[in-house]
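Here are my notes on this one, jotted down as numbered points. Have the structure open while you go through them.

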Amino acid sequence: MMKTYRVVWLAVLAALCAVSVPLCAKGYASACVLKAGNFRLVVADEECGPVRLAAETLCRDFEKVMRYRPEISSATDGSGVTVMVVNEATSSPLRSLSSLRTLDGFESHRIYCDPEEGRVYLHGKDMRGTIYAIYTFSERFLEVPPLWYFSSWEPQLKDEVSVDAGYDCFVKSPQVRYRAWFPNDTDLFTPWRKLSRDNDELWLETMLRLKLNTVELEATVTYPDYKLNSQAALLRKYGLILTSHHHVACNNNLKNWGGYWRKVRGVEPPKLLLANEAALREFWEYSVETVCRNEQENLWQISFRGIGDQPFWAAFADAPKDDRERAEVINRMIRIQLEIIKKATGERDPFVRMTFYDELSDLLAKGYLKPPTGENMLWTFVAGRRDHYPYDDLVAFDAARKVKLGYYMNLQFTSTGAHLAAAEGPWKMEANYRYVNSRGPLTFSVVNAGNLREFVMEMAANARMMWNMDTYDTDAFLREFCAQYFGERFADEAVRLYRDYYYAYWRQKPSEFAGMDRQYIFQDLRYARVFDQIGRRFRDFSPNPLRDIGFERVPGRTFRIDGGNQVDSLIKGTGEAAVRFGEVARRCDSLMERLPEQSRRFFRDNLSAPCRYMEALSHSLHSFVLAYKERNADKRKVCLATSLEALQRARDALYETQEGVFATWYAGDAKNGKFNIPDKLALLRRLLDEN
């Protein structure tokens with residue numbers, strides 16, 4: 001009897017199992033489970049190149065994490081799970097799929113699952129929205145962080161990836177339409193990019209993973225065939241928008257004046273004179289037509305400056321001497337450029353920006369400069385030069401004007417800012433952008449990111465804030481950042497170390513801008529300039545030996561050392577900073593010993609090594625200035641030897657991070673770099689020999 005019951009029970013169980021398969025196929029499954037061999041990506045034949053590139057990158061991510069590379073197909077039917085890449089901006093038949101859900105405006109995107117059909121949707125409103133959906137999926141389900149290339153990321157292997165039926169990640173359009181990086185003063189970045197294709201290109205992939213969309217470049221127009229240069233071509237490859245530097249007008253600048261006339265027109269160039277207005281117009285017309293012929297997605301920049309980063313009156317022999325008259329010239333020239341852009345594009349109100357940098361900022365603050373207004377005109381203000389805070393022109397801005405706002409903030413600076421170590425910090429970045437947004441709708445943002453590697457955390461914070469300023473909070477962002485890259489267990493400790501690192505910098509002058517903490521700080525390139533200036537007149541002591549450098553329109557802003565004795569202030573300030581950096585460096589050492597192995601390298605590279613660098617650099621400059629003040633030859637020599645030894649430690653702290661893809665990162669610093677540590681070491685050795 002028992003045997004009969006067992007047979008009946010097994011028969012019933014078999015029947016139930018037979019029924020369960022079709023029930024799952026009809027929608028009773030709770031998730032789409034991706035395993036090696038059971039899924040593929042579906043990308044429409046009509047899909048554009050940048051989305052296809054992102055899809056191929058996702059396949060590469062799968063291969064790293066699951067040791068399986070899925071195929072890409074255009075067929076929607078077939079067995080197994082399909083990851084559907086859907087771009088609403090194409091004419092693809094995928095747009096008519098019944099399971100598609102509602103999206104928002106430009107660049108909005110969504111990730112969701114339909115287990116009934118065995119589909120995971122990576123769905124975007126347009127090209128970049130689709131790319132963002134792809135990379136968001138990679139980050140959330142494959143755990144590939146946006147900064148994987150810069151953080152020496154190692155994949156955590158997975159046997160499967162499960163997307164629950166109820167999962168629905170919906171991201172609305174970004175608050176700031178144009179969100180840009182500007183790689184500038186790339187003494188390290190440029191030679192490193194030449195070493196491999198990955199080095200040359202993967203920073204653009206990183207931008208898309210962070211959900212940025214624009215790159216600011218120098219002039220990109222070439223001659224004589226209406227072509228843009230290879231850098232612009234890379235942006236098209238990845239689906240990024242091009243915009244131009246503040247001394248570039250219509251994607252070209254006056255450095256290329258002679259090339260146009262010789263290579264395009266076959267004549268010797270006319271002189272740069274305001275009287276040659278027709279020639280200037282022709283030069284800009286060729287430049288605008290070049291951008292249009294290349295179908296380059298472009299945020300136009302209008303500007304009238306000189307040859308390179310200088311006022312126009314430094315280049316034009318017939319320029320007026322009076323500021324009001326100079327502003328009138330600029331007013332006329334930028335309106336000519338805007339007229340050319342409108343005619344070439346056929347747009348009544350194209351997105352166009354004008355950047356108020358240096359002399360333009362001063363002229364605007366005085367009320368002489370009259371930039372165009374309009375629904376899509378972006379008045380781009382620039383953080384105060386050398387120290388980064390909202391400047392006078394922005395403070396005086398009439399918020400009733402019919403314009404949108406842009407903001408250009410330096411996370412580094414060519415001659416006096418952060419360069420080999422981050423200094424401004426995400427809190428200062430947030431304070432700047434909060435103020436700008438309080439003055440009008442922020443539509444464009446660019447951060448001057450130097451060589452990139454030193455500033456990736458700050459740039460990631462900026463990217464997050466620009467997507468949604470209403471919900472962004474630096475403390476919350478940094479907590480999430482530290483958990484992602486260093487582990488949940490150590491996140492709070494890492495957050496405190498980041499804050500204490502930034503607050504270790506010497507604040508050589510009290511803040512003056514309301515609500516701006518750390519308005520003035522002594523970044524590492526200011527250290528370098530002190531070495532340079534005192535080194536040139538080491539035996540000619542003065543309590544105030546430092547002078548403004550270059551073309552400084554505002555006297556005293558190169559160093560901004562408070563008090564009447566620069567030497568004593570330097571000795572006190574660098575000595576105290578060395579102690580603060582040292583304390584944080586010891587705590588970094590303690591945390592590094594406890595971090596998971598895969599987290600240690602990025603923690604060292606992004607926080608611990610910069611902290612030890614600034615500790616040693618502060619000791620070095622402290623001893624150097626003591627030596628400068630010291631009249632006793634023996635004591636002076638001891639101070640110089642101490643300074644040399646400390647600067648060698650500063651160098652070693654950085655050079656120890658040269659591993660993996662960054663094995664030669666500091667090669668450019670030794671070849672006329674912006675800081676040039678070898679040059680400073682040579683100075684100290686020479687002074688030791690002379691003493």
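1. Searching the whole structure, which is a predicted model, turns up four cavities of 30 Å³ or more. The largest cavity holds about 140 Å³ of space. It has 14 lining residues, and those closest to its centre are Arg453, Glu454, Asp605, Asn606 and Pro610.

2. Who lines that largest cavity? Helix α18 gives the most, with four residues. Sorted by class, the lining comes out as nine nonpolar, two polar and three charged residues.

3. Next up is the second largest cavity, with about 90 Å³ of space. Phe356, Tyr357, Asp358, Ser361 and Asp362 are among its lining residues, along with Val382, Ala383, Gly384, Arg385, Tyr391 and Arg557. This lining splits into five nonpolar, two polar and four charged residues.

4. Back to α18, which spans residues 597-629, and its partner α19, residues 633-655. Their axes come within 7 Å and cross at roughly 165°. An angle over 145 degrees counts as roughly antiparallel, so that is how α18 and α19 run relative to each other. The crossing of α18 past α19 is left-handed.

5. Which residues meet where α18 packs on α19? From α18, the list includes Ala609, Arg612, Tyr613, Ala616, Leu617 and Phe624. On the α19 side, look for Arg636, Cys639, Leu640, Ala646, Leu647 and Leu654, among others. Taken by class, the residues of this contact are 14 nonpolar, five polar and three charged.

How values were computed. Residues numbered from 1 in each chain as written. Predicted model: local features only at pLDDT ≥ 70, side-chain atom pairs only at ≥ 80, totals over all residues. Heavy atoms only, no water. Axes fitted to C-alpha atoms, helices over the stretch in contact; angles between N-to-C directions. Helix = DSSP H or I, 4+ residues; strand = E, 2+ residues; numbered from the N terminus. Parallel < 35°, antiparallel > 145°, perpendicular 65-115°, else oblique. Left-handed = near helix turned anticlockwise from the far one by under 90°. Contact = heavy atoms within 4.5 Å. Nonpolar A, V, L, I, M, F, W, Y, C, P; charged D, E, K, R; others polar. 1 Å grid on protein atoms, 1.4 Å probe; cavity = no way out; pocket = protein on both sides within 12 Å on 5 of 7 lines; lining within 4 Å. Points joined across faces, edges and corners; volume = space filled by probe spheres on them.
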